[in-house]
Every structure is written in structure tokens, then in C-alpha cells.
Amino acid sequence: MDAHHPFALLTPDTVLDAVESLGFVSDARTLTLNSYENRVFQVGIEDAQPLIAKFYRPLRWSDESILEEHQFSLELVEREIPVIPPMQINGETLFEFAGFRFSLFKRFGGRAPEFENPDHLLMLGRLVGRLHAVGAMRPFDHRPELTVETFGTDSLDFLRSTNVVPDGLQAAYFSVAEDLLKVVAERFAAHPCTTLRLHGDLHVGNLLWRDESLYMVDLDDCRQGPAIQDLWMMLSGERDQRQAQLAELADGYNEFYDFDPSQLALIEPLRSLRLINYSAWLARRWDDPAFPMHFPWFASERYWAEQILTLREQRAAMDEPVLRLF
């Protein structure tokens, strides 16, 4: 690992010492779990269930923004909404060891939900509706907001500044991206909405099915934004399939919070922002040795040529009729 990257100092011994600094006795076994943004480990504990230790990426979030995420999780748990909160130890959830900030979580297993099953979609709608009913009670003070600027304009500016797009493809990529963002901004302006506290990155990988219930995990990207952000990633397939999925989600959602049909016009704009922001995220993390190792294709011309095609297709999708609720 690059010795200049902060995570190079996060050795297995450091992980064990950090957990033991909170009074636990480890059995010296660690298992690295799948995480790129942060570093997450399963740590064996003597005569007890293993714990999950999450070490936050240095300089990404302020202490206040991490604690606000934790408070949101705990607020949801207090209302019996199934999320996995950080452990509280002597009333604290965020700790520091050897220059790293970290939190502990109870190990919680499960399997992926089956969203081809309408009952699972209905349950997801209920879960998100409950989440948003709490999220609407007050805004975040320290977490960012999902906007055209933060996900779109800022992302393109960063990609330009790093010169990561191959020279021969820069004109085509930035031309189609700028055109797409212009239409996205117009769509957001035409459909203003009240924002609320969101999960922010609610895809199937952040949901677990266990004991006949759905659980949300990983609120690391929670932020202020339009409610539809926590729903649109569950829609897939042909238009009639997405319409049917949307109907199930909305039925469950409406049991706990009012679904705003006007936000359906933001689905394709949000998808557009996610595409551009994803490329910028990879570029921002390229100095982390884990990224060239796991995403080697990002540095290839083929990736950017495919992105140009994807953004052109997305621009065409913006002109298609918006999904409807009947």
C-alpha cells in the first residue's frame, strides 16, 4: 500500500488496539469487509460475538457531520425503524485512536431482499416512508445537500481540474455532460420540492432481509435531499415493470408519509447526477491504492468512451415521459 496514504497506517495491530482501547478483549482475529470509502473490519472478541469496526476516511467528514449521522440512526432506532446504529459506549459513538476516528457496530447478518417479489417492494415502501416521516421533522445542520451543484457542477469541475479524462475524449465527454446538466438544472427548477433527511444511497446493497423484515444499513452518505432519491434506485427493467414497482413502493410509502408525485420528474435527473458524481468520486479517491486495484478500468479510454455513450443515452432518457402513479 502507498505509504503516503493515511490508511497505510491502519495496520491490523492498530485495528485491534483501537477496539481494545474501549475495554474489549479481542481474540486477535480480523476480517476485512467490503468497503472502499472507509475501512471496515470484523474483529473477534473473546467469549462474545465479533464486532464490526468502521474507520472513517480521514478528512472526508467533520466530527459534527459524523455525529449527526449517528444521531439520525439512533433517532430512527428509538422509533423502532430497523436500521443498524453505532454502539454507544459510555454515551459516546465516535472514538479516536492513533489519529483515526472509528465506531463500533454489532455484527448483523442477513441476505439481499427479493425485489421481484411485490411484497418486498411494499415493505420497502413502508420502511422508506417511516424513515422520511422522521427525516422531515428537522433538517440536518452539518450534513451536505444533494443538489445539481454538489453532485453535478462540482463533479465536472473536479474532473476538469484533474485531467483524468483522456485528451482525445475530453471535448466529447464534457460537451455531453454539460448539456445533460443543463437539462437537469432546468428540471429541478421546474419541480422545486421540500428536502428532508435521507438515507442518500439506498440501493439493494444497503438493505438486508432478516427475520421476515427489511433493515437499512450504512447511513454514511445520509444527507438532505428530495424524497425520491431514496426510492428511484429500486426501479429497474422496462417501463411497465418500473411502473408496477413504483406502484408497490408508493402504496407502502403512503401508509406512513405522503408520496409527492411531482418528484417523479426528478428520477432521471437524479440518475444523471449519480452517473457524473460516480466518475468524480473515483477520481477523488484515485490516490487511495485500493481504488486503482479494484477499479483499474477507470484509467482506460474505454471507460470514458462508454461514459460518453451512457450520458448520451441518459440525455435521451430525459426526454421520455415521466413515470406516473395511477
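Guide: Happy to, and keep in mind that this is a predicted model. Let's begin with the largest nonpolar core, which has 68 residues, Leu124 and Tyr173 being those with the most contacts inside it. Helix 5 (residues 167-190) gives the most to this core, 10 residues. Domain 1 (12-106) and domain 2 (118-318) each supply at least three residues.

Visitor: What does Tyr173 touch?

Guide: Leaving out residues up to four places away in sequence, Tyr173 touches Leu156, Leu159, Val165, Ile276, Ser279, Trp304, Gln307, Ile308 and Leu311. Apart from this core lies another one, of 18 residues, with Leu10, Val43, Ile89 and Phe100 among them.

Visitor: Now the domains. How far apart are the C-alpha centres of domain 1 and domain 2?

Guide: The two centres are 26 Å apart. The contact itself takes 24 residues from domain 1 and 31 residues from domain 2.

Visitor: What area do domain 1 and domain 2 bury between them?

Guide: About 2400 Å², with 58% of it on carbon and sulfur atoms. On the domain 1 side, Tyr36, Glu68 and Phe72 lose the most area to domain 2, together 27% of what that side buries.

Visitor: And how many salt bridges are there between domain 1 and domain 2?

Guide: Nine. There are also 19 residue pairs in polar contact between the two domains. Helix 2 (residues 63-78) provides the largest share of the side of domain 1 that touches domain 2, with nine residues.

Visitor: What makes Asp288 and Arg39 a salt bridge?

Guide: Their closest N and O atoms are 2.9 Å apart. The cut-off is 4 Å between a side-chain nitrogen of Lys or Arg and a carboxyl oxygen of Asp or Glu, so the pair qualifies.

Visitor: Why is Arg60 with Glu37 called a salt bridge?

Guide: The closest N and O atoms of Arg60 and Glu37 are 2.8 Å apart, so the pair is within the 4 Å limit. Arg60 sits in the loop between strand 3 (48-55) and helix 2, Glu37 in the loop between strand 1 (26-33) and strand 2 (39-45), and 23 residues separate them.

Visitor: Take Arg138 and Glu75. Where does that salt bridge sit in the chain?

Guide: The closest N and O atoms there are 2.9 Å apart. Arg138 is in the loop between helix 3 (118-135) and helix 4 (148-162), while Glu75 is in helix 2, 63 residues apart. At 3% relative accessibility Glu75 is under the 20% cut-off, so Glu75 counts as buried. Arg138, at 40%, counts as partly exposed.

Visitor: One more pair: what separates Arg271 and Glu268 along helix 7?

Guide: About one helical turn, because they are three residues apart in helix 7 (residues 267-284). Glu268 has 15% relative accessibility and is buried, whereas Arg271 has 23% and is partly exposed.

Key
Residues are numbered from 1 along each chain as its sequence is written. This is a predicted model: local features need pLDDT of at least 70, side-chain atom pairs count only at pLDDT 80 or more; totals for chains, interfaces and linings use all residues. Side-chain values use heavy atoms; hydrogens and water are left out. A nonpolar core is a set of buried Ala, Val, Leu, Ile, Met, Phe, Trp, Tyr and Cys residues joined through side-chain atoms within 4.5 Å. Buried means under 20% relative accessible area, exposed over 50%, partly exposed in between (1.4 Å probe, protein chains only). Helices (H or I, at least four residues) and strands (E, at least two) are DSSP runs, numbered from the N terminus. Domain bounds come from an automatic or database domain assignment. Contact means heavy atoms within 4.5 Å. Buried area is the accessible area (1.4 Å probe) that two parts lose on being put together, summed over both. A polar contact is a pair of N or O atoms within 3.5 Å; within protein, one must be able to donate a hydrogen and the other to accept it, and residues adjacent in sequence count only if both atoms are side-chain atoms.
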